[in-house]
Amino acid sequence: MQTSKIYTIERFLLEQQSQFPHATGELTRILYDLALAGKMIARETRRAGLGTLLGAAGTENTYGERQQKLDVYADSLIFRLNDHTQRLCAMASEEHEEILTIPPHYGEGRYALLYDPLDGSSNIDVNVSVGTIFAIHRKVSTGEKGTLEDVLQSGRTLAAAGYMIYGSSTMMVYSTGRGVHGFTLDPTIGEFLLSHPDIRIPSPPMFYSANQGNEKFWTHGVRRFTRWLQGIDGEGGKPLSQRYIGSLIADFHRNLLQGGVFYYPGDMKKAKHPYGKLRLLFEAQTMAFIADQAGGYASDGIGDVLDVQPHQLHQCTPLFVGNRELVEQAEKFIAMHDQDWINTFRPYRDSVTQEA
Ligand code: AHM
Ligand code: MG
């Protein structure tokens, strides 16, 4: 007879919480609310092809991108599930320019939640995996209400972070700083069950993931790094296979489970992404936190993403994330060849003027 325990996410969270006698259970409940959001978004993504929610909503987000209807649904759902629980002092969504305050009649809590409601949403129309990304910080501002200060925190101080992936199955992967745990949704019972306890990025790595269509805009160091991954340049060993979905969560998740590196670099020539495309607070910090907890590493090309002190809610960052030795190799190539780019990026990265 099999003796391994079966854990629902609720049971697992409660068991983890019980190891900390002074824990109030608030973080546990926020994670459980996010799991519920994941189930509800998964339900809608399953029906997306049926037409009611498919296609663009006709509005644009803060980056001028077309919002998909599911983006709008996921964004409002996460807010509505969390605004009245008295566990949060503020929220921030990739879809909104400013922080989202808690309606005064609900009362404030001790945490701040950041989320990208539906990452990779341009992939919905073509039935490719998308995800939800979340990050939870402790309140640090001293007033009664949450402020920008509560969300502009470095990844080092995250209380918890993770993502949901809506793929061939729905999974929730999270960490509270004690390992990375993955749960798979059993749709027949509506429960997330522990399927991937204590995830570690395996070695040797298998894949590299980048949008090589942008290669002509990349810096010399990033191109040299790519050749190295292909086993062409320098001491590079066995070539890695290339896999790129264009959905950060899907690309990251594959590399987390099978080993590899994802990168979306900054470049000097493409005016649109001088500091990379991805957002530090809504995308990169969570990937960095999960990678770090799984034995990997995330860099912006200069140093550890977790050490970057954000100054802007929608700050962009280059991102190299995956097996530590691969990411460190990217840093080496960049330090060796991309001094001009470093001189351009560093003042933006290290700026201290806080803004929404
Ligand atoms: P989004 O937050 O608007 O969905 O954009 C982020 C997505 C990531 O999921 C993905 O890694 C990247 O954009 C893909 O960009 P590109 O199409 O330039 O390769
Ligand atoms: Mg996104």
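1. In this note, Ala, Val, Leu, Ile, Met, Phe, Trp, Tyr, Cys and Pro count as nonpolar, Asp, Glu, Lys and Arg as charged, and the others, Gly among them, as polar. By these classes, the lining of the second largest pocket has eight nonpolar, seven polar and four charged residues. The structure is a predicted model, and everything below should be read with that in mind.

2. The second largest pocket, with a volume of about 380 Å³, is lined by 19 residues, among which F20, A23, L27, Y111 and R178 lie nearest its centre. Two or more lining residues come from each of α1 (9-18) and α2 (26-47), and α2 supplies the largest share, namely four residues.

3. Turning to ligand 1, there are 16 residues around it, of which D119, G120, Y244, L248 and Y264 come nearest. The shell around ligand 1 is made up of seven charged, five polar and four nonpolar residues.

4. Several polar atoms of the protein approach oxygen atoms of ligand 1: an N or O atom in the side chain of D119 is 2.7 Å from one, a backbone N or O atom of L248 likewise lies 2.7 Å from an oxygen atom, and for a polar side-chain atom of K277 the distance is 2.9 Å. Ligand 1 taken alone exposes 470 Å², of which the protein buries 83%.

Note on methods
Residues are numbered from 1 along each chain as its sequence is written. Chains are lettered from A and ligands numbered from 1 in the order in which they are written. This is a predicted model: local features need pLDDT of at least 70, side-chain atom pairs count only at pLDDT 80 or more; totals for chains, interfaces and linings use all residues. Side-chain values use heavy atoms; hydrogens and water are left out. A residue is near a molecule or strand if one of its heavy atoms lies within 4 Å of it. A polar contact is a pair of N or O atoms within 3.5 Å; within protein, one must be able to donate a hydrogen and the other to accept it, and residues adjacent in sequence count only if both atoms are side-chain atoms. Accessible areas come from the Shrake-Rupley method with a 1.4 Å probe; for residues, only the protein chains shown count as cover. On a 1 Å grid over the protein atoms alone, a cavity is a set of points where a 1.4 Å probe fits but cannot get out, and a pocket is an open set with protein on both sides within 12 Å along at least five of seven lines; lining residues have an atom within 4 Å of a point. Grid points are joined across faces, edges and corners, and a volume is the space filled by probe spheres set on the points.
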